[in-house]
Amino acid sequence: MDDYPLLNIFLTTMWIFLWILWFMLLFRVFGDLFRDDTVGGWGKAGWCVLLILLPFLGVFVYLIARGKGMGMREMTRAKEAEAEFRTYVRDAAGAEAKPASAAEELARLAELKRDGSITEEEYQRAKALVLS
């Protein structure tokens with residue numbers, strides 16, 4: 001350990017971090033390229049050749065040429081995923097489920113109180129919330 005000083009450990013760690021960061025960036029570019037429906041097969045093949053043969057230049061050219069679109073496509077995918085999730089939750093909860101009216105909610109609370117599921121104090125708090 002004496003022949004490997006602390007600065008060398010720091011530099012080695014930095015290079016490993018940069019190497020991992022580089023691969024993450026390369027995978028992100030490939031992922032964006034193959035998810036983009038606006039680029040045809042030949043365009044994707046051309047970008048792949050450039051990214052494989054000249055990876056550093058290819059990634060930087062891709063980020064310059066299509067970087068803004070990457071963010072917009074990612075936002076669009078996230079919004080679509082959120083909309084699909086909300087639709088799924090709405091369907092799973094039941095499309096017919098409507099918010100209960102105040103009278104229905106009070107009747108349900110009275111039933112819970114009568115069954116002994118809630119105390120008088122809990123009933124009064126819930127009743128105040130329904131009526132407010």
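I began at Leu26, which touches Leu51 and Val59, leaving out residues up to four places away in sequence; contact means heavy atoms within 4.5 Å. My model is predicted, so local features need pLDDT of at least 70, side-chain atom pairs count only at pLDDT 80 or more, and totals for chains, interfaces and linings use all residues. Residues are numbered from 1 along each chain as its sequence is written, and side-chain values use heavy atoms, with hydrogens and water left out.

Next I looked up the core. The largest nonpolar core has twelve residues, among them Trp22, Leu26, Phe30, Leu51 and Val59. Such a core is a set of buried Ala, Val, Leu, Ile, Met, Phe, Trp, Tyr and Cys residues joined through side-chain atoms within 4.5 Å, and buried means under 20% relative accessible area with a 1.4 Å probe, protein chains only. H1, helix H2 (41-53) and H3 each supply at least two residues of this core, and H1 gives the most, with five. Helices here are DSSP runs (H or I, at least four residues), numbered from the N terminus.

Then I checked how the helices pack. The axes of H1 (residues 6-35) and H3 (residues 55-93) come within 9 Å and cross at roughly 60 degrees; axes are lines fitted to C-alpha atoms over the stretch in contact, and angles run from 0 to 180 degrees between N-to-C directions.

Last, I turned to Arg66, found in helix H3. Buried or exposed is Arg66? Arg66 is buried, with a relative accessible area of 16%. I found it touching Asp32, Asp36, Val39, Trp47 and Arg73, again not counting residues up to four places away in sequence.

Notes: Buried means under 20% relative accessible area, exposed over 50%, partly exposed in between (1.4 Å probe, protein chains only).
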